[in-house]
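Subject: Structure for your review

Dear colleague,

Please find below the structure that we spoke about, followed by an account of what was found in it. I would be grateful if you read the notes with the model open beside them.

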Amino acid sequence: MHSPLQAQVVQWVAATGDFVREGDLLVVLEAMKMEHEVRSPVAGTLGQTLFANGEQVREGDVLAVVEPAGRGAASDAPTPALPPRGTEPETAPAPSGEEPGWGHPRGDLQRAIDRHSLTQDEARPDAVAKRHALGLRTARENIAGLCDRDSFVEYGALAHAAQRGRRTLEDLIRNTPADGMVTGIGSIEGHRAVVMAYDATVLAGTQGFRNHAKTDRMLEIALRNKLPVVLFAEGGGGRPGDTDMPVVAGLHVTTFASFARLNGRVPVLGIVAGRCFAGNAALLGCCDTIVATRASNIGMGGPAMVEGGGLGVYQPEEIGPSRVQHANGVIDILVDDEAQAVREAKRYLSYFRGAAREFASPDSRALRDVVPENRLRVYDSRFAIAGIADEKSVLELRTGFGRGIHTALARIEGRPVGILANNPLHLGGAIDADAADKAARFMQLCNAHGLPLVSLVDTPGFMVGPNIEEAAQVRHVSRMFIAAAHLRVPFFAVVLRKGYGLGAMAMTAGGFHSPDGIAAWPTGEFGAMGLEGAVRLGYRKELEAAAEGPERDALFDALVAKQYENGEALNMAATLEIDAVIDPAQTREWLSRGLASAQVRPASGLSIDSW
């Protein structure tokens with residue numbers, strides 16, 4: 001038996017004459033302040049040991065001789081003086097129910113197990129009970145609902161609040177587990193993602209020194225590995241009570257800038273139930289998409305901050321309730337509770353994972369009846385979306401805001417796409433400031449994450465008039481042109497009925513030849529402006545010359561009919577201003593073939609506006 005390295009003999013565990021088995025520990029050597037075990041290469045009897053404790057040995061020196069046992073000797077040998085390999089440390093008998101042969105964990109492992117157990121919900125039954133009494137789930141319950149079973153790997157679990165200057169360590173370990181934020185990486189329907197959840201049962205889910213550090217760590221990993229990020233953002237913002245760092249204001253914290261750097265790089269989803277104020281709300285506002293419950297409140301300052309600013313005394317429920325934040329566009333997806341929020345989060349993230357293998361096709365023949373024969377009759381364009389997309393694949397975003405344009409994630413033959421559709425039920429499909437903002441940001445979202453866009457057009461143009469200009473209409477609607485100019489994803493447009501003026505151009509990525517394909521249904525009608533307005537403006541003299549009453553009305557109707565005939569879809573296709581006029585029932589097929597041939601171009605400096 002030879003020394004594997006130059007070292008000093010620390011201790012002979014076996015003595016001359018002992019029977020040893022293969023793998024039994026014989027001697028401990030020390031080199032570079034580290035101990036090395038030397039074990040018996042065979043079963044047999046230990047002969048003379050050639051070096052004593054404390055002596056130096058060189059690599060390759062013979063330490064001792066083990067006389068191999070003859071055939072059958074091992075079974076006839078006396079009970080060995082040494083324990084079998086791997087069981088030298090003293091262990092207790094296995095507890096009831098544990099696998100035989102494995103004792104209690106060693107002391108160092110047990111301390112780690114005990115410390116981790118204090119971070120779990122089971123260690124804090126009173127806090128959990130209060131949470132449940134509010135009808136809410138804990139941070140860990142939400143993560144368990146979001147992530148695949150046993151897939152979540154936690155980072156920073158043993159952190160506690162940085163308040164050693166005012167509280168005992170035992171108190172902090174027991175009452176500020178994970179510093180009020182659970183962070184880690186888990187699988188969501190088989191795909192890895194960074195998941196972070198502020199814990200409202202710990203210091204009201206506030207942002208502390210160490211949970212900021214945990215957040216920064218996870219954001220770095222997400223960006224490096226291009227992992228989606230899900231943030232459960234409930235909490236009260238910055239925490240003034242941390243004492244264990246030499247800072248005055250803490251405004252050098254990098255978390256907010258780090259979070260913002262994810263914009264346009266990976267999908268970022270925020271989820272809120274309960275109250276989300278100040279710093280927590282600032283991170284939430286940086287998310288691509290926000291899912292919130294009806295009982296949520298979101299605001300840049302909670303009651304204490306509002307009162308401290310001399311702005312009045314309010315209850316938390318009065319600040320940023322969901323009915324306000326859904327109507328103004330802050331909330332993208334409004335849900336009833338946290339369980340539904342988690343389901344919608346899974347559904348949302350699924351659109352950024354590539355094509356689905358299985359899908360069900362709708363009965364496309366129903367598309368022939370979506371647009372009424374009466375060109376003045378309104379209709380719900382969401383029926384067009386339903387007839388084009390795979391069944392049960394449509395997820396509408398920002399349904400409470402910008403009602404003039406529907407925006408939805410969907411799939412066509414399994415391929416994820418983003419769909420824009422004018423809403424004739426609101427202002428006749430005219431595009432106002434809110435609808436333009438909604439459409440522009442949706443284009444940015446799909447562009448950043450590589451989703452092709454499909455636009456269903458039925459608009460008389462941009463909304464006009466003195467009142468709308470008070471809402472900065474000029475700037476807002478122009479966002480659609482700018483967003484479209486930066487598109488790298490395929491874009492296809494289908495004109496369902498009205499395609500008039502600048503509004504129609506904005507809905508077709510800036511102009512009718514900007515899309516990869518543009519088609520119209522037979523109901524399509526086109527013009528530089530709405531037909532009625534064009535007649536009144538272009539034929540003013542003729543109309544004024546006709547007698548007021550039935551004669552003038554008849555002339556007006558005749559001129560409108562002529563304009564309609566000139567601008568109908570067949571004529572537009574004949575002059576090559578559009579690519580095709582298609583049977584509505586073939587829209588899905590036309591889009592699918594187009595999507596198969598179009599390519600997503602490489603990304604460069606993409607971003608998504610927070611608004």
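In which segment is Ile608 found? Ile608 is found in the segment after helix H21 (587-597), where helices (H or I, at least four residues) and strands (E, at least two) are DSSP runs, numbered from the N terminus.

Before going further, please note that this is a predicted model, in which local features need pLDDT of at least 70 and side-chain atom pairs count only at pLDDT 80 or more, while totals for chains, interfaces and linings use all residues. Residues are numbered from 1 along each chain as its sequence is written, and side-chain values use heavy atoms, with hydrogens and water left out.

To return to Ile608, this residue counts as buried because its relative accessibility is 4% (buried means under 20% relative accessible area, exposed over 50%, partly exposed in between, with a 1.4 Å probe and protein chains only). If its neighbours within four places in sequence are left aside, Ile608 is in contact with Asn263, Gly264, Asp288, Arg441, Gln444, Leu445, Ala448 and His449, contact meaning heavy atoms within 4.5 Å. The C-alpha atoms of Ile608 and Ile468 are separated by 25 Å, and the two residues are 140 apart along the chain.

The sheet

Strand S10 (residues 191-198) runs parallel to strand S11 (residues 229-232), to which four bridges join it; Val195 has Val230 in S11 as its bridge partner, and Ala197 stands opposite Phe232 in S11. S10 is also mostly covered, with six of its eight residues buried.

Strand S21 (residues 491-500) is mostly covered, since 10 of its 10 residues are buried. S21 pairs in the parallel sense with strand S20 (residues 453-459) over six bridges, where Leu453 has Phe491 in S21 as its bridge partner. S21 also pairs in the parallel sense with strand S22 (residues 517-520), over four bridges, and here the bridge partner of Phe492 is Gly517 in S22.

Helix packing

Helix H13 (residues 433-448) and helix H15 (residues 473-485) pack at an angle of about 20 degrees, with their axes 8 Å apart, and H13 is therefore roughly parallel to H15 (angles under 35 degrees count as roughly parallel, over 145 as roughly antiparallel, 65 to 115 as roughly perpendicular and the rest as oblique). H13 passes H15 in a left-handed crossing; a crossing is left-handed if the near helix is turned anticlockwise from the far one by less than a right angle, and right-handed if clockwise. By class, this contact of H13 with H15 has nine nonpolar, three polar and three charged residues, where Ala, Val, Leu, Ile, Met, Phe, Trp, Tyr, Cys and Pro count as nonpolar, Asp, Glu, Lys and Arg as charged, and the others, Gly among them, as polar.

The axes of helix H17 (residues 531-538) and helix H19 (residues 550-566) come within 9 Å and cross at roughly 120 degrees, so H17 and H19 are oblique to each other, and their crossing is right-handed. In this pair, Leu531, Glu532, Val535 and Arg536 of H17 meet Phe556, Leu559, Val560, Gln563 and Tyr564 of H19, a contact that divides into six nonpolar, one polar and two charged residues.

With kind regards

Definitions and conventions
Two strands pair if DSSP finds at least two bridges between them. Axes are lines fitted to C-alpha atoms, for helices over the stretch in contact, and angles run from 0 to 180 degrees between N-to-C directions.
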